[in-house]
Structure formats: structure tokens, C-alpha cells
Amino acid sequence: MVLNSYPNLLDICGEDVSDFQQPLRSLPCTVTSPSNTSGPDWESSNGSDLVGSAPSCLKRKIVAANFLPLNCMKDEATGEWSFVMDDNQLLVQLKDGFPIDNEVIYVGSLNVQVHPSEQDQVSQKLFKEHICIPTFLPADLQQQFYHRFCKQHLWPLFHYMLPVCHDKGELFDRSLFQAYVRANKIFADKVMEAVTLNDDYVWVHDYHLMLVPTFLRKKLHQIKVGFFLHSPFPSSEIYRTLPVRDEILKSLLNADLIGFQTFDYARHFLSCCSRLLGLNYESKRGHIGIEYFGRTVSLKILAAGVHVGRLESMLKLPATMSKVQEIENIYRGKLVILGVDDMDIFKGISLKLLGLELLLKRTPKLRGKVVIVQIVNPARSIGKDIEEANNEAISVAQRINDTYGSANYRPVVLIDYLIPFYEKIAYYVASDCCIVNAVRDGMNLIPYEYTVCRQGNEEIDKLRGADKSSLHTSTLIVSEFVGCSPSLSGAFRVNPWSVEDVADALYSATDLTQYEKIQRHEKHYRYVKSHDVAYWARSFDQDLQRTCKEQYSRRCWTTGFGLNFRVIALSPGFRRLSLELFASSYKKANKRVIFLDYDGTLVPQSSLNKAPSAELISILNNLCNDTKNIVFVVSGRGRNSLCEWFDSCENLGIAAEHGYFIRWSRAAEWEVSSLCQCSEWKLIADPIMHVYTETTDGSSIERKESALVWHYQNTDHDFGSCQAKELVGHLERVLANEPVVVKRGHQIVEVKPRVCTIS
Ligand SMILES: O=P(O)(O)OC[C@H]1O[C@H](O[C@H]2O[C@H](CO)[C@@H](O)[C@H](O)[C@H]2O)[C@H](O)[C@@H](O)[C@@H]1O
């Protein structure tokens, strides 16, 4: 049965990797291996997995991502591989946010297949020349992991698309998930080859590698690991359809810091943690933390940025300048609206073109004047959906051009082939407006790049002979559903699903005064310049360091098989009870007092039948019959049920309702706390609790002799918590003059007599 075999996936992994003919290759000798631990299921890891000190004092950041940020080429004649770091990639640029003495090591795949016989040599070269460690996934694993599970399942789901029927995406397939597990394990193993110091920090990127934190923590319990999700995180209603939802959440929670582009994505993640795993979170001094088995996992909400310096230097290139002139000559007298998107079903390219079609239909004066230049970067994966989206864009473009175009006017220009980066920069410079119409996107840095390029530089100003102030304008149309939208307050925000909305925004963009364009541009430019890629990386790095520092003053233990593996952090003073020590002390003692908690200790929390078993009664009677022992069951439960359950335990003491009622043995009288004598407050509290019970499905009132308790463990987690908060406030107000306290406990709100402390 699939489910039964599933918990051992981690173990399967170790063995099954060979199915893909993937021997784990050792690193070039320049990288030393840490001493990893993989101990029993429950063990103390404190100190046991500290890695040895490396000779160097360089602080290291290990950046793991699906693909290494470089371009590779093979000279077919000589068989020589050459690699060039791609300075336009975020992963390269983020280095600018790290302190100067940090060494950055990249772990990831190459976007080409390297024959196994060449892999060692390629690894050596990549590490020596670029401090990169490649993960060579065999072609079939890469296909199942990336092209199928990531791109056909996770990518649509994280962009809110459910595979409701077969031709609308790929149904969940456990064997593909297993490929995802195996690939993530390979990435984690490679990361571990690079980790040598306790001071090393690992930063894992994006949805391809969400299981890496679990594999890393299993190997090195105190590893310092941050995770950043570049894609959206869907609402809990979408996310909870994923059959492996818990495993992925639990793995992310094995990181110390989890980053999201926007508050919405973080909010969805938090709500998944609370609804699916019952976890609580709170904001402490501005930082959101989730309590996870004694560890506090921090959340970071900060959108990625662009490298302003890199864009500025691209602007200065003679090739860029001449391309700008060329584009301006082609489109002189026209209003150029630019779109730059990957070929992907979520980019809303056709919807954007439909907006233009409606604009031209409704506004004849704009015919012959407005042009959309749509650059489409080739798709990164293949699939029927991508093909359909591509064909649709081509056909809508064709229809618009046929209807509104002429011999010297084409309203839609599709550039659907790879163009050099400098050309893209030139299009930014030469365009009056930029439109991003994605129906869902993690961040989308295109509007930021456009803004920086429209700021231009002195050479561009000179070249155009323009008045400087007239050049520094930009107009943005941005979908509400992309991560960058909240930061662009001067943009026309559109609902990409509404063709009318898009057409209206296009019209407004053509109708702006110069003054407005300058104002909007300045606002965006200020933000983009100050929130650049270095700012993002620095901020993430600092938060990661802070979180890890707070985390590791605690004692750590590990538990859980496979993908359920987790670390349990306890206070530094915690000591695991030694059975030997306990047994010998017990034997030596002449007088013993034993207090036993009931629910969750004598009977399992999960059992429906809460009455004690015959075996338990017999154990308790054995303990009580030893004249050296005084044995008490201490419970929050009422005396009637405890009396009934322990009727056959003659010498057992009972402390009911947390000690408001005490009886030393079955024959003894109940001692009742004087605090229970006044209960008029119940007449006020009970009707209020009743209202909350009626309005909160699943909640109930427990009426004790000493207290009233409102239980909400069977309600919707978020709604129950919200009602509990409200109830506490309500009861505190109305009971302010009564001798009681109102307390919120684990999924309960309790009102009980106030104990007066004598000072
Ligand atoms: O297509 P993939 O190989 O699965 O990669 C996914 C995309 O990754 C990058 O975009 C994501 O990160 C960007 C920077 O944080 C963000 O702006 C964007 O919204 C994310 O989707 C990459 O830039 C895309 O080309 C990939 O499609």
C-alpha cells in the first residue's frame, strides 16, 4: 500500500537513487566533508553534530537553487566545457548584500546534461573557477522531478490552478513526488558536501527545493538554514488539495527562516500551518514567529529587488545605445507599450492583447498610434498548456493586426525568440509604458527593470538631445495579482481577468500629462533604487543570523521518521529522565509522594474512551498498596467522574478540578476549597459563553463545580481562535468586579475563582 511505504521515503531514497544510475560523486578536494550524524530516531543532538573547525575563517553562504546561475557551452571539436557566470541573474547579484568577507558557494544543476564520464572534471572546473557545486541529475530523474512534478504539478498549484480534469494539468502522481524527494535529497547531499563550519549559512531558493530543509536538518541538526519562496504561496483552500501538503509544510518548518515576496503569500502559509498542523504564530518585536516543537521558525516578508548598478552599466553599452536609436526610429510618432514575459500560462499575454483589441475598437483615434511590443522569453519547460497559450497569443495578435493594422502599422509586435539582455534594456528605454498582466506571479521584476532603464543616464539624455526632465518618465500597468504590485503605488493596477479594466488602463496610460508621468516615475524609482537586490539579500541574511542565534541556546532532540523528521528544542535546563537513576532513587526512598496527571499521561490524549483501563487500575493499586507510597491523580476533571472511574482504588488520592477538591482515599471526605463557595459569577458568565457556543460551530461549554470552560478544539481553527480572543475580552469586562480570573489555555477559555495571594 502506498501510504504504508511512504513514511520511509528518506530511506528509500538512499537506495533508490541508484535506480537513476546516480552514484553520489565526491567533491573536488578543495571542499572538505563535514562529520554528519544520522543517529537513532530519538537522540540528543546537542553538540553531537558540531562539525569540526575548518582551517579558514571565511564566513560562508551556501546558496542552493534548482539551476546554477551560469551559462555553459561545450566546444564539440575539443570536448572542452566552458562556464560563464550570468551576472543578470538574481542569485549572482544577491552576493552584493553579504559582507565582503563572505564566500558564496552555489549548489544547483546545469541546464544541460553532462555525460557521467565528464562529471568529475566538470565539477572540478566549476568549483575551481566559479565556486559552484553541480548536482548532476540523470535525464530521467530531471524529467520527472523538474519538467513533470515541478512544472506540471507544483507550478500550476502554487499559481492557483487545480488539475480538476485531466487536460487541465497533471494529476498528483506519487511516483513523480518520489522523484521530487530523490532530487531534493541529491541537492541536500551536495549542500552538505559544502558545509564545513558551524558558522556556515545555507540559503535554499524556491519551490523546486522545498524538501531540502528536512534532508539538511536530518544530517546536521543545528544547521543554519533559510528558505526563500520566489513563487506565490496559494491560499490554504488551494494548498490543502496537495496530497503531500503536510510533508512540504513540515520540511519548510525545518528551516530557521522562511521568506516570502509578499504579506499575502506569508499569510497563506501561516494559515496552512495553523489549519493543517494546528500551529500557533505571533509577532514579537515586529518579527513573525511560528512555534514548532520548541523552535521558533521566523517568517520574512520582503520582495526581491533588481541590481540597479548592473542595469545602469548595461545602459551604457554602445550596443544598447544604438539599439535604442534603432527602436526609436522604427516607432517614431507611436506610443510604445512594452510587455516582457516568459512564455507561461500565467503571464496573461493573451488577456493583455485582448485589452489592446478592445481599446482600439473603442478608441479609433488611437489606431495607427499605439503599439504593443511583446517580448516573449522562450518557455523553460514544455507542455500542451504552454503550446496552447503560445498559439493563442499568436492568433490574437494576428487578428488584431489584421483588423487594425496597415502596410506601415502593426499594433502588436511579437518577439518570441531569445534576444540578448542589452536589447531588452533598449526596449525598456524606448518604451512609453510597460505592462505586466500576469494572472498570478511571485514577484515579477520587469516593472523594476523598466523603471531603472527609464531613469536612463546622461549619455542617453545627450544622445536624444532631450531636456533631461522630459526623459525621466515612466508609466506602468501592473496586474493586482503579481508580487510587485503592492510596492508600485504609482502604477495603474488592473484586474487582468477583466479585459475592460485592462483596456481602460491602457487608455489612461496614453492620456497622462508629462507632469504625472514624471511624478509616477520618481515615486517608483526612489523605491526600486532603495529596495534593490542587495537590500533584499542583506535583510534576509541578517534575519537568518538573528533567528539562528536565538534558536540554538536551547537543547535539541530529534524525532520522526522520513519526511516527518523534526528537531525538538527544549529549555537549556531540560534533562531527559534517566530510568536507571529514577529506579535506584525509588528503591532507596522510605517515603514517596507520586503525583500523576490524567489526560495525556495515564490515558492517551487521542483516545475517545477516557475511562481508565483495567490494566491501569491494577498498576495504580500496586503503587498504592506499597505503604511507602502516597499516590495522587491530579486532574482538571470533575470529582464525580474521577470518583466513579477510580472506585476500585481504595488508597488512591484524587485532586479534582486542579485541586479545588481533594480526597486522600476512597473512605476520606472531600476537602473543598473555600474559593468554590461563591458561584454567583456563573450567572453572568454562563449566558455569555452560551452565545459564543451558539455562534461558533463545534464549540462547547464544560460546567465544573469550580469553573466554567469554553472548549473550541473542534471548531475551525482560525474562527475558534478569533472567537476565543473576543470571548476573553468580553468576559473580562463583565466580570471585572467578580472574584474570578478569565484565562485562555490550549483551545479553551476558562473562568475560575481568583486565588488571593497574601503579601
Ligand atoms: O520556470 P522555473 O525553472 O520553475 O523557475 C521559475 C521562475 O523562477 C524565476 O522567477 C521567480 O523568481 C523571480 C525573482 O524572485 C520572481 O520575480 C518571479 O515572479 C518568480 O516566478 C525566473 O525568473 C522565472 O523565469 C522562472 O519561470
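First, some ground rules. This is a predicted model, where local features need pLDDT of at least 70 and side-chain atom pairs count only at pLDDT 80 or more, while totals for chains, interfaces and linings use all residues. Residues are numbered from 1 along each chain as its sequence is written, and side-chain values use heavy atoms, with hydrogens and water left out.

Let's start at the ligand. There are 15 residues around it, and Y146, K151, Y207, H230 and D342 come nearest; a residue is near when one of its heavy atoms lies within 4 Å. Helix α5, residues 139-158, gives the largest share of the shell, with three residues. Helices here are DSSP runs (H or I, at least four residues), numbered from the N terminus.

Now for some atom pairs. H208 has a polar side-chain atom 2.8 Å from an oxygen atom of the ligand, and for Q261 that distance to a ligand oxygen is 3.0 Å. N444 takes part through its backbone: an N or O atom there lies 2.8 Å from an oxygen atom of the ligand. As for cover, the protein hides 83% of the 550 Å² of accessible area that the ligand has on its own, by the Shrake-Rupley method with a 1.4 Å probe.

On to the salt bridges. Side chains of opposite charge can pair when their charged atoms come close. The whole structure has 32 salt bridges, each a side-chain nitrogen of Lys or Arg within 4 Å of a carboxyl oxygen of Asp or Glu.

Take K125 and E129, which meet at 3.0 Å, N to O. They sit four residues apart in helix α4, residues 116-130, so about one helical turn separates them.

K323 and E326 also form a salt bridge, at 3.0 Å. These two are three residues apart in helix α12, residues 318-330. Are they buried or exposed? K323 is buried, at 11% relative accessible area, whereas E326 is partly exposed, at 40%. Buried means under 20%, exposed over 50%, and partly exposed in between (1.4 Å probe, protein chains only).

Technical notes
A polar contact is a pair of N or O atoms within 3.5 Å; within protein, one must be able to donate a hydrogen and the other to accept it, and residues adjacent in sequence count only if both atoms are side-chain atoms.
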